[in-house]
Amino acid sequence: MRTKAAIIREPKQDAWEIVEVDIDDPVAGEVQVKLAASGLCHSDEHLLTGDLVFEKYPLMGGHEGAGVVTKVGEGVIGIEEGDHVVLAFIPACGTCRPCAEGLQNLCDNGAGLLSGKAISDDGFRVHTASGEDVGTMCLLGTFSPYVTVHQSSVVKIEKDIPLDKAALLGCGVATGWGSATEIGRAREGDVVVVVGVGGIGINSVQGAASAGARAIVAVDPVEFKREKALEFGATHTCSSMDEAMALVGEISWGRMADLVILTMGVVEGKDLLPGLLLTGKGRRCVVVGLGDMTAVDAQVSILDLAMQQKTLQGAIFGGVGPRKQIPHLLHQYRAGNLKLDELVTRTYRLEEINQGYQDMRDGKNIRGVIIYDEQDW
Ligand code: CXF
Ligand code: ZN
């Protein structure tokens with residue numbers, strides 16, 4: 001079917017381009033989804049800056065969304081036309097070794113995340129734009145009112161959940177919340193520092209609050225984001241990690257933080273040093289945000305890392321598989337323990353996507369969301 005999408009033609013481009021695309025019907029293992037919404041995550045901005053380079057261009061952006069299943073290919077199990085689904089940027093096939101071990105956020109299909117290629121049981125790419133194959137961001141490409149994606153990227157949800165809010169579970173909410181509660185193991189009474197209060201960090205703040213952290217220090221240079229962090233459970237704010245040193249020392253009686261989460265839009269090697277200095281003895285510093293994908297240099301005090309037995313921990317999708325975490329988070333939403341509605345600062349039409357990213361760059365958004373409606377379908 002003919003639809004439209006926001007694409008990037010090559011690594012590093014000034015702006016998203018809206019073009020017509022042809023979305024094929026689902027082949028074996030795939031479903032077609034009519035999207036209600038797609039979140040604007042900083043990771044798509046990395047495509048524009050060239051920090052993240054994929055194998056296949058042109059590339060349809062977007063890697064968190066939710067909608068209604070319109071078509072189902074052969075061999076799809078447990079998903080029917082009319083089902084409401086979240087599209088998660090992490091696929092979970094359920095049969096590879098990490099999936100079998102309960103590490104579904106590390107599913108082997110994730111090897112294709114940066115390829116731009118779509119997975120199907122038949123193994124070929126399905127979208128074309130102007131007659132040429134077009135890749136998809138993280139196997140999804142949610143900057144389009146319709147997508148055809150593999151079932152391993154699709155999580156069925158209950159129909160009472162508003163789809164425009166459910167969309168946020170595909171990346172930002174699951175990643176941020178899990179980075180605090182799962183990989184970060186935040187516990188009652190902890191002192192937690194969250195550096196970078198965007199669409200991911202704000203969910204680390206609310207995750208840490210739900211875990212019972214006694215102090216949550218939100219660090220961000222943007223005043224509006226620091227204020228938002230307080231609404232989501234932060235107890236203190238500061239504008240830089242340097243500024244946070246003295247504050248965290250005071251709050252923790254010199255022990256420093258039980259957990260530090262680095263979720264800035266761009267994380268650089270030099271950020272690890274202050275991140276680890278904010279981390280207490282035997283405690284954990286979790287790196288969530290990305291930067292230049294080719295960067296290999298990092299500043300770390302080996303003495304401090306070894307002698308103080310600190311853990312420097314990477315994290316993807318918050319350390320939990322989407323099939324476990326998305327239903328869990330929806331229960332938390334229903335129970336009033338997870339704020340979703342309040343996460344959305346502004347909504348945009350697909351044609352306004354560049355305004356959405358400009359607002360992100362200007363520090364105006366916690367999460368911007370593209371809403372699709374009859375005009376798009
Ligand atoms: C990223 C991880 C790397 C690929 C793009 C998505 N995660 C969250 O935004
Ligand atoms: Zn993301």
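Lining the largest cavity are Glu 64, Leu 168, Gly 172, Val 173, Gly 199, Ile 202, Asn 203, Leu 343, Ile 366 and Arg 367. Keep in mind that this is a predicted model. The volume of the largest cavity comes to about 40 Å³, and searching the whole structure turns up one cavity of 30 Å³ or more.

Where does the largest cavity lie? Domain 1 (2–170 + 339–376) and domain 2 (176–315) both contribute residues to its lining, so the cavity lies between them. Two helices, α4 (172–181) and α5 (201–210), each provide at least two of the lining residues. Sorted by class, the lining of this cavity has five nonpolar, three polar and two charged residues.

Then there's the second largest pocket, with a volume of about 180 Å³. Its lining is made up of Val 191, Arg 214, Ser 252, Trp 253, Arg 255, Met 256, Asp 258, Gly 280, Lys 281 and Arg 283. Which strand gives the most to that lining? That's β16, with three residues. By class, the pocket lining has three nonpolar, two polar and five charged residues.

Here are the two sites side by side:

| Site | Volume | Lining by class |
|---|---|---|
| Largest cavity | about 40 Å³ | five nonpolar, three polar, two charged |
| Second largest pocket | about 180 Å³ | three nonpolar, two polar, five charged |

## The parallel sheet

Strand β16 also belongs to an open sheet of six strands, ordered β14-β13-β12-β15-β16-β17 and paired in parallel. At its edges sit β14 (236–238) and β17 (311–314), each of them pairing on one side only. On average, neighbouring strands in this sheet are turned by 15° against each other, ignoring direction.

Zooming in on one pairing, β15 (residues 257–262) and β16 (residues 279–287) run parallel and share five bridges. Within that pairing, Ala 257 has Thr 279 in β16 as its bridge partner.

## The mixed sheet

Another open sheet of six strands has the order β8-β7-β2-β1-β4-β9, and its pairing is mixed. Its edge strands are β8 (132–133) and β9 (135–136); each has a single partner strand, so one side of each is left without a neighbour in the sheet.

How do β1 and β2 run? They're antiparallel, joined by six bridges.

## Aromatic pairs

The count of aromatic pairs comes to four. In one of them, Trp 16 and Tyr 357 have ring centres 6.2 Å apart and planes at 35°, so this pair counts as tilted. Trp 16 is in the loop between β1 (2–8) and β2 (17–23), while Tyr 357 is in helix α11 (residues 353–361), so the pair ties together parts that are 341 residues apart in sequence.

Conventions:
Residues numbered from 1 in each chain as written. Chains lettered and ligands numbered in written order. Predicted model: local features only at pLDDT ≥ 70, side-chain atom pairs only at ≥ 80, totals over all residues. Heavy atoms only, no water. Pairing = 2+ DSSP bridges. Helix = DSSP H or I, 4+ residues; strand = E, 2+ residues; numbered from the N terminus. Axes fitted to C-alpha atoms, helices over the stretch in contact; angles between N-to-C directions. 1 Å grid on protein atoms, 1.4 Å probe; cavity = no way out; pocket = protein on both sides within 12 Å on 5 of 7 lines; lining within 4 Å. Points joined across faces, edges and corners; volume = space filled by probe spheres on them. Nonpolar A, V, L, I, M, F, W, Y, C, P; charged D, E, K, R; others polar. Domains from an automatic or database assignment. Phe/Tyr/Trp six-rings, centres within 6.5 Å; stacked < 30°, edge-to-face > 60°.
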